[in-house]
Amino acid sequence: MFSNFRSYYMYLFLFLLAGIIFIPLYVSIAGGFKTIGDLRTNSLGLPTEWIVGNYTSLLVDNKFWLFTWNSVLYAAGTTFLVILLASMTAFVFAHMKFVGSRFLFNYFILGLTFPFATAILPLFLRVRDLGLLGSVWAVILPQIAFGLAFAIILFRGFFRQMPSELFDAAFVDGCTYSQFYFKFTLPLSTPIIATVAVINLVGSWNNYLLPLIMINNENLYSWPLGIMVFRGEYITDWPKILAFVSLTLIPAVVFFLALQRFIVAGLTGGAVKE
Amino acid sequence: MNSAKYNALLSKYSTLVIFIIPALTIFTLFVVLPIVEAAYYSFYRWDGYGDPNKYVGLKNYKYLFKNKTFILSLKNNFYIIAISLFIQLPFALLVALMISDKIRGANFFRTVFFLPYILAEIVTGLIWAYIYDGNYGMVAAIWNFFGADPPHMIAEKETAMIALYIVIFWKYFGIHMMIYIAGLQNISKEVLEAAKVDGAGPVTTAWRIKIPIILPTIRLSVFLSILGALQLFDIIMPLTGGGPSNQTHSMVTYLYYFGVMRMKFGFGSAIGVVIFLICFTIAITYQRTLMRKD
């Protein structure tokens with residue numbers, strides 16, 4: 001199909017591109033091991049002398065772990081509740097006939113076109129007036145709300161494709177709707193649960209704007225807020241900042257490589273199924 | 001109605017209500033109402049305490065469209081869209097066409113090219129802020145190597161936007177490539193075999209068969225790219241923070257600096273409403289016209 005000549009240039013191009021993707025990651029990780037002087041004269045090479053202090057001082061820093069833990073809480077809480085609430089709602093749309101179901105479904109769908117930025121100021125006021133500022137719910141509730149629409153669409157599409165014989169049989173046997181949901185629907189939905197989980201986990205883990213608006217108490221900082229404060233403190237002490245960057249980079253990359261199939265399927269499949 | 005039937009119906013409707021109310025409440029309180037409230041607040045001058053009572057009509061909007069920084073941020077958003085559509089997406093498509101076939105190393109390249117997409121925007125921005133740093137960064141090292149004075153790319157008006165485009169390209173072309181690959185892999189083998197039998201080369205096959213077939217996928221990625229670009233925020237913050245001298249704001253960073261930071265709830269809401277109207281108009285026209293058949 002491709003002549004050798006052609007494929008030679010194609011591979012040259014692909015490796016060059018891979019290099020462009022990789023080099024920024026490599027210089028960051030290597031940079032965390034350098035002294036500032038080394039970084040200045042030798043930003044591309046390996047460290048002349050490997051300094052581990054930037055990394056170890058972070059790893060024994062309670063704040064670093066606190067920020068990480070907070071982000072775990074935000075991501076886990078959001079993902080769990082989006083899966084539960086969206087799948088329950090989608091179950092109703094997929095299996096129950098009732099007046100206004102079409103209208104309600106479209107009401108949720110409308111949410112897909114709502115940009116988050118438009119809502120932030122009123123959202124801040126709502127959270128403040130509900131007395132939730134300074135609690136984890138200030139981040140979790142808005143994240144759930146903005147995650148629902150897409151998750152409902154994905155779940156509804158999946159539930160509708162489940163064989164209706166199953167539903168009829170269970171119903172004849174006296175199974176109620178809620179029993180059916182817990183006994184059959186949820187256990188049979190692991191692929192779509194994985195998709196919704198990936199979208200919300202990655203979204204919450206990386207979210208910056210919402211915690212930036214909602215959180216002003218350092219004890220509740222997510223790691224993106226923490227790293228930005230850290231950056232503000234050390235300004236041009238790049239080795240320190242790069243060490244922090246790398247410490248967040250490495251788990252993300254490992255997580256991605258380990259669960260790559262689910263993540264790619266979740267993020268692209270999620271987009272394509274819309 | 002007998003009681004068994006009545007009970008079944010009761011059970012159905014109570015399940016319905018219990019299943020739908022939590023999502024409906026959260027969605028209404030934290031998505032729909034805030035959007036409506038933003039529209040309302042945008043007609044007021046308000047610091048967020050007490051009730052909004054200083055009605056100013058369209059003043060916030062008038063000020064906004066006379067403000068040079070906001071107009072520039074609007075333009076920046078549209079430049080980013082243009083560059084995404086005319087450079088980034090075609091490039092992603094080209095790469096997808098190269099590695100959607102089972103060539104050696106296809107999986108490796110897919111993984112590498114997709115990798116930046118899963119990194120946090122904040123981290124991406126910090127990495128590149130370092131790379132562009134005129135004293136310590138990689139760009140500086142390359143210039144020094146050639147004996148030239150290194151530029152401070154994100155600190156200079158002329159180059160800051162270019163620096164931002166490069167980062168956006170680096171981070172986001174992978175997701176579009178993956179979306180295209182997903183589409184390309186759905187093309188039936190028979191169609192491609194038939195093309196091969198008819199003597200179509202790889203370029204003809206791509207141009208005449210593959211691209212037309214995945215057109216719905218391409219339209220979707222264009223749509224996602226536009227809406228994503230209009231809401232750009234996270235990546236700008238660690239990179240330029242809208243600077244130098246407010247040259248690299250997007251509408252959302254403008255909203256953050258001039259609405260949120262200054263506690264101007266009315267003015268900030270007006271910015272939000274403009275963003276909403278642009279996104280909503282694009283989404284509706286796009287779905288009514290281009291994506292109708294999909």
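In this predicted model, the buried residues of helix 10 of chain A are A:Ile192, A:Thr195, A:Val196, A:Val198, A:Ile199, A:Asn200, A:Leu201, A:Val202, A:Ser204, A:Trp205 and A:Asn206. Helix 10 of chain A covers residues 190-206, which makes 17 residues, and from its first C-alpha to its last it reaches 24 Å, close to the 24 Å expected at 1.5 Å a residue. As background to such a list, an α-helix has 3.6 residues a turn, so residues three or four places apart point the same way.

**Chain A as a whole**

Chain A holds 14 helices and zero strands, and its elements, read from the N terminus on, run α-α-α-α-α-α-α-α-α-α-α-α-α-α. Chain A is more spread out than a compact globule, because its radius of gyration is 24 Å, well over the 19 Å that the globule rule gives for 274 residues. Along the principal axes, the C-alpha trace of chain A spans about 75 × 65 × 35 Å. Of the 274 residues of chain A, 43% count as buried, and among the contacts in chain A with a separation of 6 or more, 78% are accounted for by residues 24 or more positions apart.

**Chain B and its two domains**

Chain B is divided into domain 1, residues 3-41, and domain 2, residues 66-288. The contact between these domains takes four residues from domain 1 of chain B and six residues from domain 2 of chain B; on the side of domain 1 that touches domain 2, the classes are four nonpolar, no polar and no charged residues. Taken over C-alpha atoms, the centres of domain 1 of chain B and domain 2 of chain B are separated by 37 Å.

**The contact between the chains**

Where chain A meets chain B, the contact takes 74 residues from chain A and 71 residues from chain B.

| Class, chain A side | Residues |
|---|---|
| Nonpolar | 57 residues |
| Polar | 14 residues |

**Confidence of the prediction**

For the complex, the predictor gives an ipTM of 0.92 and a pTM of 0.92. The mean pLDDT of chain B is 91, and 98% of the residues of chain B reach 70 or more.

How values were computed:
Residues numbered from 1 in each chain as written. Chains lettered and ligands numbered in written order. Predicted model: local features only at pLDDT ≥ 70, side-chain atom pairs only at ≥ 80, totals over all residues. Contact = placed C-beta atoms within 7 Å. Nonpolar A, V, L, I, M, F, W, Y, C, P; charged D, E, K, R; others polar. Domains from an automatic or database assignment. pLDDT = per-residue confidence, 0-100. Helix = DSSP H or I, 4+ residues; strand = E, 2+ residues; numbered from the N terminus. Rg over C-alpha atoms; globule rule 2.2 N^0.38 Å. Buried ≥ 20, exposed ≤ 12 C-beta atoms within 10 Å, placed from the backbone. Expected span 1.5 Å × (residues − 1).
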